[in-house]
Amino acid sequence: PAHPTPAMTTAGFAKLRADATLPGGEISFKPLVEELKVTFSTGKTKDLAWRRAQLEALKLMIEENHEAITAAVRADHGGPKLRGIGELGSHLAAVEALTHLDDWASTKVVPTPMTVSPTKWGKSYIRQEPKGVILIIGPWNFPIELVLHPLVYAIAAGNCVVLKPSEVATTCAALLEKLVWKYLDTSCIKVVQGAAMETTALLKEPWDHIFYTGNGHIGRIVLRAAAEHLTPVTLELGGKSPVIVDKSATMKSVIERVASAKFSINVGQICVSPDYVLIDKDREQEFIEGMKAHVEMLFGKDAKQSPHYGRVINANHVRRITGLLSETKGQTVTGGIEAVDPDAHYIPPTVVRDAQLGEPLLTEEIFGPVLPVIATSGVEDAVAKVNSICSQPLALYVYSEDKAATEYILNNTTSGGACINTSLEHLLNNNLPFGGVGGSGYGSYHGKAGFDEFTHRRSVLHQDTTFLKGASIPPHPTDQIYDIAVKATITGFLSRGQRNLAKAGLGAGVLAAVGMLLKSKL
């Protein structure tokens, strides 16, 4: 399918991006990067004991400061105290990395075929080596978790790291720097604060890997800068993650799980938040009425007064989302523009029915508490709409009790990850690599995938010199050597007819042997 690019309208991220073009700067981080490269060259971070010590320190940092972390994120984002749990997942990641570090970092022996080592005394193996000096650029929506979680794997893999937290979540950025200085080895792990100018200057340096979480516009800037040094990049982006509800779905599960993922968790400011709902026309009214009632149950008649409802990060993003709403031809069935308060960073939980394909609400990533709902004639129609709106989202959510319908959707769509009969929860399983595809990013992490992302898998062949002392290719090879090599590796020493005869003869021999055995038993 085609990969449509979101339209650049006057609403949404497009306008915000135009106001936030990264300027050039006079700042230079060359001394900082060179210092870290010297440190890395000493082998300090390659030592498994150092890696364990830093992972233990990161664990302790979260254990001793979870209340401060929660307070900081609530200062930046609002919401209930439970919101802080979303910033603490790095603790579990560190526990897992410590548990598996010896295995992850061990050299892996692989087979050596006879074509490579005719004596079979050659050995092949893969060394798990750190890449070097890493830049991690964090986002504002989960400003501590999405810096520390990749940091866990960068440390486990044995790298030096520079962390660039988002300047938008100011309280969290300040706390993160304070904690890193207190708990971690700052000769190897450093924090750089600042905004566009500092990020631009950082991107000019020759990193060994860049890990960026954020929107696609800045992702392209990161990628262009990395190309100057041929630096590998992990891009954790987003896109419009759809919810497809077929006519067999369990509606209680749909309503409660979509509402939780969209409105309760950071008011939709998460890269895998449900962006819009495609629902079978026969179930649409049931969903609309149920969602309205459930939202009121969660947050009351006025969500602004609810201690359980969060806030949009700042007034600029309130205006961005309001711009999307102002341009829709759809019908607002709950919430809406009238209750928006930019000064309080507040947008009510909003559901919009019958938004039109092509309008900003269905072309740009919403990244906030607005949920468009579109009726479909069936799963085929839903799939066609997904592939026209955003064909490579970071996540895709299917609610269905029909296995054939579920398989049809998965077989005819593409996404970074997917859930069946839930939303977001695939992120909680570290056995599942988390990452995007195409426009939603590339590269992945969580669990072993995170260790691999910051690791260079160095292939090594240790050839035999005990029995094979000369070169593998003899000097002045004749055409006969070519013929032998082709037969040994490609065509075989027997013709196709000869092979068929040999198989037939072997089969006849087996049958004869079985017959003789049976005869002897009688």
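**Entry 1: confidence**

I am working with a predicted model, and its mean pLDDT is 91, with 93% of the residues at 70 or more. I then looked up residues 1-25, where the pLDDT is below 50. Beyond near neighbours in sequence, this stretch still has 51 contacts in the model. Where pLDDT is low, the predicted coordinates should not be read in detail.

**Entry 2: helix 3 and its partners**

I looked up helix 3 (residues 48-77) and helix 5 (residues 145-156) and found their axes 9 Å apart, at an angle of about 160°. An angle over 145 degrees counts as roughly antiparallel, so helix 3 is roughly antiparallel to helix 5. I noted the crossing of these two helices as left-handed.

Which residues meet here? From helix 3 I listed Trp50, Arg51, Gln54, Leu55, Leu58, Met61 and Ile62, and from helix 5 Leu148, Leu151, Val152, Ile155 and Ala156. By class, I have 10 nonpolar, 1 polar and 1 charged residues in the contact of helix 3 with helix 5.

Next I turned to helix 4 (residues 89-105), whose axis comes within 9 Å of that of helix 3 and crosses at roughly 165°. That angle makes helix 3 roughly antiparallel to helix 4 as well. The crossing of helix 3 and helix 4 is left-handed.

On the helix 3 side of this contact I found, among others, Leu48, Arg52, Glu56, Lys59 and Glu63. On the helix 4 side the residues include Ser90, His91, Ala94, Leu98 and Asp102. The contact of helix 3 with helix 4 divides into 10 nonpolar, 2 polar and 6 charged residues. I also noted that Arg51, Leu55, Leu58 and Ile62 of helix 3 are on the list for helix 5 and on the list for helix 4.

**Entry 3: helix 9 and helix 10**

At what angle do helix 9 and helix 10 pack? I read about 50° for helix 9 (residues 251-264) and helix 10 (residues 284-299), with the axes 10 Å apart. This makes helix 9 oblique to helix 10. I recorded their crossing as right-handed.

Helix 9 contributes residues including Met251, Val254, Ile255 and Phe263, while helix 10 contributes residues including Phe287, Gly290, His294 and Phe299. By class, I have 11 nonpolar, 3 polar and 2 charged residues in the contact of helix 9 with helix 10.

I followed an open sheet of 3 strands in the order 1-2-18, with antiparallel pairing. Its edge strands are strand 1 (108-110) and strand 18 (455-462), each pairing on one side only. Neighbouring strands of this sheet are turned by 30° against each other on average, direction ignored.

How many bridges join strand 2 to strand 18? I found 8, with strand 2 covering residues 123-130. As one example, I noted glutamate 129, whose bridge partner in strand 18 is histidine 456.

I then traced an open sheet of 6 strands in the order 5-4-3-6-7-16, and its pairing is mixed. Strand 5 (189-191) and strand 16 (441-442) are its edge strands. Strand 7 (residues 233-236) pairs with strand 16 in the antiparallel sense over 2 bridges. In one bridge I found glutamate 236 partnered with glycine 441 of strand 16.

Last, I looked at helix 7 (residues 196-203), which packs on this sheet. Helix 7 touches strand 3 (133-137), strand 4 (160-164) and strand 6 (209-213), and its direction makes about 155° with that of strand 3.

How values were computed
Residues numbered from 1 in each chain as written. Predicted model: local features only at pLDDT ≥ 70, side-chain atom pairs only at ≥ 80, totals over all residues. Heavy atoms only, no water. Pairing = 2+ DSSP bridges. Helix = DSSP H or I, 4+ residues; strand = E, 2+ residues; numbered from the N terminus. Axes fitted to C-alpha atoms, helices over the stretch in contact; angles between N-to-C directions. Parallel < 35°, antiparallel > 145°, perpendicular 65-115°, else oblique. Left-handed = near helix turned anticlockwise from the far one by under 90°. Contact = heavy atoms within 4.5 Å. Nonpolar A, V, L, I, M, F, W, Y, C, P; charged D, E, K, R; others polar. pLDDT = per-residue confidence, 0-100.
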